[in-house]
Amino acid sequence: MHALEPAGVQASRIADLWHLTLLVCGGVFACVLAVLLVALLRSPRATAQTRPLVVNGDATEKRPTRAVIWATAVSTVLLVGLVVADVVTERALSRLPVANALHIEMIGHQWWWETRYAADGDRPAFTGANEVRIPVGRPVIVSLRSADVIHTFWVPSLHGKKDMIPGRPTTIEFRADTAGEFRGLCAEFCGEQHAMMAFSVKADTPEAFAAWADQQALPARDPLSADTPHSLAPSAPGSFPAARPASDPRLADTSRGLAVFLDRGCAQCHTIRGTGASGTLGPDLTHLASRPTLAAGTLPNNRGNLAGWIIDPNSLKPGAMMPINRLPPDELQALLGYLETLQ
């Protein structure tokens, strides 16, 4: 996490406010500590013969009184300065120009993130999970809502935190000025796997982002044809395409993996666009293989972790909604082979 390495204009303003606050508070703390040390070092040492100090209540101590007045005045000025700087920063954060903004909806679930990209020009809307891609230099408006409990959206390199309260949708706007990959996470305790509810934000050049988004908007590839995606027309609800015969054994195995996915209940919770799978309880898996991680940033996305997640997700992320799947080895391998084609 690079909370103090801003990659956008708003994060830079927050970082400036943080540095100013640290400077002022650190300076005040150092002054108080120095005065305390001086007082301790210069105080007279008492002995058994030292008489108690009796202070006349009517007498005034001019030097300490002046010091207290000056200290109070300086502290007040510094605190007022911090309040003004906070107000100025808050106003600047809310004035990001959002013309031609990219619109994304982010939905928090226990414990993963659903990302819905709105239609953008000729590109249709599409859905993903646990990763966000944005173009450098273009403002982004993220609509936030929660499907269950209170979550908080936080990408410290790009902006501050924003709570996601069930029934109260809100938005956050930011812009990445530097290309790179940044870590985002939930900043509100939302359950036993709160610490494993992360996501990645990758800021690409506009050209790289457009290429990625065009690919993500496509339906999944037909397992019997490495080059031909399924039809864009939605499948009839409840009608699963059957695995088709293929002369190539590799394609036949991939087709069998799709049949396993559809027949073993995976499609009840997950969507793979272009197939009959249209479940909404779990993440959209249309381009699963293109994602860097599994289970909301918990595991690197590779064949071994994917197999472990399918067989027993609760052993990796206790409390996950996905049930145990005791698939025969041949069906598991066919399913893994198919899922790995979902680029």
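Which residues make the nonpolar surface patch of about 460 Å²? The patch is made by Val 28, Val 32, Trp 70, Val 74 and Leu 78. Patches are built from residues with over 30% relative accessible area and no salt bridge, where like charges are joined within 9 Å and nonpolar side chains (Val, Leu, Ile, Met, Phe, Trp, Tyr) within 5 Å. The structure is a predicted model, in which local features need pLDDT of at least 70 and side-chain atom pairs count only at pLDDT 80 or more, while totals for chains, interfaces and linings use all residues. Residues are numbered from 1 along each chain as its sequence is written, and side-chain values use heavy atoms, with hydrogens and water left out.

Two helices contribute to the patch: α1 (9-42) and α2 (62-93) each supply at least two of its residues. The largest share, three residues, comes from α2. Helices (H or I, at least four residues) and strands (E, at least two) are DSSP runs numbered from the N terminus. Val 32 lies in helix α1 and counts as exposed because its relative accessibility is 54%. Here buried means under 20% relative accessible area, exposed means over 50%, and partly exposed falls in between (1.4 Å probe, protein chains only).

Turning to the chain as a whole, there are seven helices and twelve strands. Buried residues make up 39% of the 343 residues. The chain exposes about 19,100 Å², of which carbon and sulfur atoms supply 62%; accessible areas come from the Shrake-Rupley method with a 1.4 Å probe, and for residues only the protein chains shown count as cover. Among contacts (heavy atoms within 4.5 Å) with a separation of 6 or more, 62% are between residues 24 or more positions apart.

The next feature to look at is a sheet. Five strands form an open sheet in the order β3-β2-β1-β5-β8, with mixed pairing. Its edge strands are β3 (126-129) and β8 (170-174), each of which pairs on one side only. Neighbouring strands of this sheet are turned by 25° against each other on average, direction ignored. Strands of a sheet pair through backbone hydrogen bonds, either parallel or antiparallel. Two strands are taken to pair if DSSP finds at least two bridges between them.

Strand by strand, β1 (residues 102-109) and β5 (residues 140-146) run parallel and are joined by seven bridges, with Leu 102 having Val 140 of β5 as its bridge partner. On another side of the story, β1 and β2 pair in the antiparallel sense over six bridges and form a hairpin with two residues between them. Met 106 stands opposite Thr 115 in β2. Four bridges join β2 and β3, again in the antiparallel sense, and Arg 116 is partnered with Thr 127 in β3. Strand β2 is largely enclosed by the rest of the structure, because five of its six residues are buried. Helix α3 (residues 206-216) lies across β1, β2 (112-117) and β3, running at about 100° to β3; axes are lines fitted to C-alpha atoms, for helices over the stretch in contact, and angles run from 0 to 180 degrees between N-to-C directions.

Arg 145 forms one with Glu 105, the closest N and O atoms being 2.7 Å apart. Arg 145 lies in strand β5 and Glu 105 in strand β1, so the pair ties together parts that are 40 residues apart in sequence. Both ends are partly exposed, Arg 145 with a relative accessible area of 31% and Glu 105 with 21%. Glu 105, Glu 114, Arg 116 and Arg 145 are linked in a network of salt bridges.

Asp 214 forms a salt bridge with Arg 123, with the closest N and O atoms 2.8 Å apart. This pair links distant parts of the chain, since Asp 214 is in helix α3 and Arg 123 in the loop between β2 and β3, 91 residues apart. Asp 214 counts as partly exposed at 41% relative accessibility, whereas Arg 123 counts as buried at 13%. The side chains of Arg 273 and Asp 284 also meet in a salt bridge (3.7 Å, N to O), and both residues are buried.

Conventions: A salt bridge is a side-chain nitrogen of Lys or Arg within 4 Å of a carboxyl oxygen of Asp or Glu.
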